[in-house]
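Student: Hey, could you walk me through this structure? I'm seeing it for the first time.
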Amino acid sequence: MVQPQKPDRDTQEVIDALGRSVAISGLSQAAFARAVGTSAPRMSTYLRGATRPSAWFCARANRLAKALADADERRLMSAPETATDIRRALRAGKRAWAWRMLLQGRDHLRLMLTDTAYADLDLTGSWEAVPGPTGDTGFDALLAALASHEFEKAGHLAPEWTQIEPLDEEWQPPHPFLSPERVVDRTPLWLRRLRIYVPERDLATA
């Protein structure tokens, strides 16, 4: 049986560096692959040394992993964590809690972007990380829209994953007090353009 060839020193350093990035991110290998913009099988080839990632990919993996770890250390929600918490709440039938997690994540992103206490840290990389699906296309779209809006308000380039097209079908969650027409009227324009209808007041705070 032919033994697999041992990676050369430089390849092994890349393997080790990527392995450390996965470990400090706090995500599974598959979730980290998604977060940095690649597939789980592709990441596996990098970690085996079967394929050599670009310098850009290695730098991004290192930066986002550090941002995810730094955010977690400060108990600030990242995009992947926010999506995971929404998914868990929806699976448990706790829709109100899913909304709370959505808005809490958004509020944490706002802090990262605007609070001077975090000025020396690159915490926003934890929101450049691509989140997994929430299990609800409406929540997926709203999470992306909220994140994009916060980045743009702060004068930052919004991450690519937040740049979404209008939904094929309108998404208007049932409202306990307002008629569907009033919900539409009270939805901000930047959401209406995406065919998402949620009153601005309902997005005020977690």
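Tutor: Here is a short tour, starting with the overall fold.

Tutor: This is a predicted model, where local features need pLDDT of at least 70, side-chain atom pairs count only at pLDDT 80 or more, and totals for chains, interfaces and linings use all residues. Residues are numbered from 1 along each chain as its sequence is written, and side-chain values use heavy atoms, with hydrogens and water left out.

Student: Okay, how many helices and strands does the protein chain have?

Tutor: The protein chain has ten helices and zero strands. Those are DSSP runs, numbered from the N terminus: H or I of at least four residues for helices, E of at least two for strands. The C-alpha trace spans about 70 × 40 × 30 Å along its principal axes.

Student: And what share of the residues is buried?

Tutor: Of the 206 residues, 44% count as buried. Buried means under 20% relative accessible area, exposed is over 50%, and partly exposed is in between, using a 1.4 Å probe on protein chains only.

Student: Let's zoom in on helix 2. Which of its residues are buried?

Tutor: In helix 2, A31, F32, A33, A35 and V36 are buried. Their cover includes helix 1 (9-25), helix 3 (40-48), helix 4 and helix 7 (125-128). Just after helix 2 comes G37, with a positive phi of about 95°.

Student: At what angle do helix 2 and helix 4 pack?

Tutor: Helix 2 (residues 29-36) and helix 4 (residues 55-73) pack at about 110°, and their axes are 10 Å apart. So helix 2 is roughly perpendicular to helix 4, a label that covers 65 to 115 degrees; under 35 is roughly parallel, over 145 roughly antiparallel, and the rest oblique. Axes here are lines fitted to C-alpha atoms, for helices over the stretch in contact, and angles run from 0 to 180 degrees between N-to-C directions.

Student: Which residues meet there?

Tutor: From helix 2, F32, A35 and V36 meet F57, R60, A61, L64 and A65 of helix 4. Contact means heavy atoms within 4.5 Å. By class, this contact has seven nonpolar residues, no polar ones and one charged. Ala, Val, Leu, Ile, Met, Phe, Trp, Tyr, Cys and Pro count as nonpolar, Asp, Glu, Lys and Arg as charged, and the others, Gly among them, as polar.

Student: Switching topic: which members of the largest nonpolar core touch the most others?

Tutor: In that core of 36 residues, they are W99, L102, W127, L142, W171, I196 and V198. A nonpolar core is a set of buried Ala, Val, Leu, Ile, Met, Phe, Trp, Tyr and Cys residues joined through side-chain atoms within 4.5 Å. Helix 5 (79-91), helix 6 (95-114) and helix 8 (137-153) each supply at least two residues of this core, and helix 8 gives the most, with nine.

Student: What is W171 in contact with?

Tutor: Leaving aside neighbours within four places in sequence, W171 is in contact with residues including R95, W99, D136, F139, L142 and R195. Apart from this core lies another, of 15 residues, with V22, F32, Y46 and L47 among them.

Student: Last one: where is R75, and is it buried or exposed?

Tutor: R75 lies in the loop between helix 4 and helix 5. R75 is exposed, with a relative accessible area of 75%. Its phi is positive, about 60°, although R75 is not a glycine. R195, in the segment after helix 10 (189-192), also has a positive phi, near 65°. With 29% relative accessibility, R195 counts as partly exposed.
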